[in-house]
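The exercises below are to be worked with the sequence and the structure at hand. Each task is followed by a solution in steps.

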Amino acid sequence: MIWVALILTMGIGWFLSSALLGGAWTGPRWITILGEASLAALFGPGVASVVFFFMVVAGVGTALAVDVMLVALTALSAAIWWKVREPNPYSPPVRRFPWMWVLIGASIAGVLMLVLDFQVFSQANPAGDWDASGIWNLRARYLAGGPGTWRYAISSEIGGHMAGAAHPSYPLFLSSFVALQWVATGNFDSAAPEAASLLFSMGVWVLLGASLARSASLALGLLAWLVLLGSGVFTSQVPVQYADQLLGLAFLASLVLLDWADRAGLSPRLLFAAGLAIGFAPWIKNEGWPFAIAALGIAAWRFWGRAMIWIVLGAMPGLLATIVLKIIAQGREGTIPGTIGAALAKISDASRWWQALVGFAGAILGAGPLWAHPLILVAALAIVLRLIPAAVRRARGWLWIPIAVTLAAEYGLYLVTTADINWHISTSVNRLVAQVWPSLLWLAFLMLRPPEDYFVAQAAVVKSSPKRKRPRE
Amino acid sequence: VGVLSVFTVFNSIQAAKDWAEQYPDAYGAARADVRFAPLLARMATGAQLGYFTDLPPDNQAYSAAFLAAQYAVAPRQLLRISPQTQPEWAVGNFTKVTDFASVGAAQGYEISMDFGNGVILFHRTSTR
């Protein structure tokens with residue numbers, strides 16, 4: 001039944017993403033299908049997790065109710081899709097790049113190895129890594145336990161009051177999604193969190209390349225896939241069953257959809273979809289708050305007026321669920337100072353600035369092996385392919401702001417943390433970098449000239465040169 | 001870029017394989033699931049359970065043992081026993097054979113059942 005619940009949830013997501021994109025995903029059909037599926041991996045579980053959370057709070061989170069909810073949401077989203085679907089738009093032919101098959105082959109080989117990597121880890125640790133059984137899956141068990149136990153998920157007693165384990169107000173997207181599958185199944189099968197972990201990781205990987213294939217070129221999308229596969233900071237998070245890959249998916253989806261809405265003349269559907277992704281960010285992790293506030297702020301600045309209404313409407317499910325959770329959760333995060341004075345005292349300590357800086361630098365340095373560090377790979381591509389014109393780069397510059405604000409907020413949290421700063425940094429900075437890594441790669445690749453440009457130019461030169469004799473066969 | 005990336009993923013498989021061989025069930029969650037399984041059948045799913053252990057809280061293994069036990073007994077709630085928190089039932093999660101009865105008695109609990117493997121069910125005898 002886990003697979004039935006998972007397939008229904010993905011069905012909800014696919015109908016929603018397909019309806020909201022409204023044919024905006026142009027390009028090869030296989031890329032369109034992959035791209036819509038990657039957004040489905042955010043929208044389906046997101047919507048289902050919000051509805052399930054409210055069902056649990058209302059005391060109706062039973063197996064029968066969950067089955068009915070999933071079927072009803074699938075039917076509703078299918079009806080919406082049927083009503084608003086649009087014929088496949090015209091897609092320009094794929095531009096020629098002679099080594100495309102090499103990139104496709106390497107991507108397939110790389111992703112197969114990634115799945116193998118996931119399987120090896122999951123077989124040895126079916127309950128995931130430390131925080132999976134300590135936070136995310138634990139709270140899923142409480143939510144799945146029914147009316148008598150769901151409050152344990154938001155209790156100040158969780159984690160025995162231990163630092164790093166007591167998070168009663170942590171957002172519940174992941175836990176709620178895993179819990180609804182467990183409720184539908186009637187047991188705590190480890191396949192549910194394992195599948196979720198792989199689904200969200202594949203979602204963020206697919207979305208990175210597929211969105212670049214649509215926005216820039218297929219070859220750039222394939223190169224981005226390869227660089228992400230070569231990023232240890234990404235691959236190490238695939239099997240751990242944490243919420244960081246999911247947050248990375250929400251960040252990337254928000255940026256991609258904001259960019260497309262901007263380019264598509266503020267299409268209400270794309271704006272709503274962008275809002276949906278933005279709203280899910282704080283429902284996934286607290287780090288989603290600075291991102292959501294920055295993304296909504298930048299959207300208000302650029303799209304002021306009716307466009308903002310669509311974004312805010314889209315953001316409502318995630319924001320509403322998060323606000324309700326924050327209201328009913330018992331206790332607050334133990335790592336945030338209780339007074340402004342205490343925070344200022346920590347901020348004024350210069351050594352903390354240095355420690356946080358070193359922590360981030362170490363995590364970025366450790367994002368991959370030095371001989372194939374993703375930053376070196378991107379720099380090499382920038383040298384070979386060169387950048388797009390400065391005016392176009394500047395026009396896309398606003399897309400960096402939500403990620404920059406998120407990084408600044410995460411840096412600021414280290415400055416004021418009440419926990420031991422070295423412990424706090426060493427246990428979390430890698431994951432913070434993992435959250436923003438796919439978005440940073442997407443932004444970096446958006447600034448590169450597509451490899452196809454050079455072959456189009458070459459072809460044009462050949463065409464315009466004087467007629468040459470056909471070589472004898 | 002393609003070759004280096006694929007080689008990097010291949011490298012990470014080797015690392016994951018080595019790590020998995022060296023640390024199977026790294027945090028003891030799977031072991032705890034097996035150890036606590038007989039106890040779960042006796043406790044209501046919504047029960048609140050106190051927690052006894054022979055590990056001192058400042059021991060590095062304490063938090064891993066607590067979190068593994070907390071996950072194994074969930075959706076029952078695991079509580080650290082204190083003068084203010086003394087649920088009717090408590091579980092013992094011991095790393096070695098010791099005088100379980102006196103550990104419980106010191107907090108006002110008596111042994112209800114010994115499930116082996118260091119897992120003990122205690123019942124409160126008095127309220128302090």
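This is a predicted model: local features need pLDDT of at least 70, side-chain atom pairs count only at pLDDT 80 or more; totals for chains, interfaces and linings use all residues.

## Exercise 1. The interface of chains A and B

Task. Describe the contact between chain A and chain B by its residues and its buried area, and identify the salt bridge formed by A:Arg141.

Solution. 
1. Chain A contributes 44 residues to the contact and chain B contributes 42 residues.
2. About 3,600 Å² is buried between the two chains, and carbon and sulfur atoms give 71% of this area.
3. The rule finds 1 salt bridge across the interface. A:Arg141 forms a salt bridge with B:Asp33, with the closest N and O atoms 3.8 Å apart.
4. A:Arg141 is placed in helix 5 of chain A and is buried, at a relative accessible area of 5%.
5. Residues touched by A:Arg141 include A:Thr149, A:Trp182 and A:Phe188 on chain A, and B:Asp33, B:Tyr71, B:Ala72, B:Ala74 and B:Pro75 on chain B.

## Exercise 2. The buried face of a helix

Task. Which residues of helix 2 (residues 29-40) of chain B are buried, and what do they pack against?

Solution. 
1. The buried residues are B:Ala29, B:Ala32, B:Phe36, B:Leu39 and B:Leu40.
2. Viewed down the axis of helix 2 of chain B, these buried residues fall within an arc of 80°, so they line one face of the helix.
3. The buried residues of helix 2 pack against helix 5 (130-144) of chain A, together with helix 3 (60-73), strand 3 (89-93), strand 4 (109-116) and strand 5 (119-124) of chain B.

## Exercise 3. Salt bridges within chain A

Task. Describe the salt bridge between A:Arg263 and A:Asp259, and name the residues of chain A that are linked in a network of salt bridges.

Solution. 
1. The side chains of A:Arg263 and A:Asp259 meet at 3.1 Å, N to O.
2. Both residues lie in helix 10 (residues 244-263) of chain A, 4 residues apart, and are thus separated by about one helical turn.
3. A:Asp259 is buried, with a relative accessible area of 2%, whereas A:Arg263 is partly exposed at 39%.
4. The network links A:Asp131, A:Asp244, A:Lys285, A:Glu287 and A:Arg431.
5. Over all chains, the count comes to 10 salt bridges.

## Exercise 4. A tryptophan and a nonpolar patch

Task. Is A:Trp25 buried or exposed, and which residues does A:Trp25 touch? Which residues make the nonpolar surface patch of about 510 Å²?

Solution. 
1. A:Trp25 is found in the loop between helix 1 (2-21) and helix 2 (29-57) of chain A.
2. Its relative accessible area is 3%, and A:Trp25 is buried.
3. Beyond residues up to four places away in sequence, the contacts of A:Trp25 include A:Ile31, A:Glu36, A:Leu39, A:Leu207, A:Arg214 and A:Trp260.
4. For A:Glu36, the separation from A:Trp25 is 11 residues in sequence and 7.9 Å in space, C-alpha to C-alpha.
5. The patch is made by A:Ile309, A:Trp310, A:Val312, A:Leu313, A:Met316 and A:Leu320.
6. Of these, A:Met316 is in helix 13 (residues 306-328) of chain A and is partly exposed, with a relative accessible area of 35%.

Technical notes. Residues are numbered from 1 along each chain as its sequence is written. Chains are lettered from A and ligands numbered from 1 in the order in which they are written. Side-chain values use heavy atoms; hydrogens and water are left out. Helices (H or I, at least four residues) and strands (E, at least two) are DSSP runs, numbered from the N terminus. Buried means under 20% relative accessible area, exposed over 50%, partly exposed in between (1.4 Å probe, protein chains only). Contact means heavy atoms within 4.5 Å. Patches are made of residues with over 30% relative accessible area and no salt bridge: like charges are joined within 9 Å, nonpolar side chains (Val, Leu, Ile, Met, Phe, Trp, Tyr) within 5 Å. Accessible areas come from the Shrake-Rupley method with a 1.4 Å probe; for residues, only the protein chains shown count as cover. A salt bridge is a side-chain nitrogen of Lys or Arg within 4 Å of a carboxyl oxygen of Asp or Glu. The arc is that of the directions from the helix axis to the C-beta atoms. Buried area is the accessible area (1.4 Å probe) that two parts lose on being put together, summed over both.
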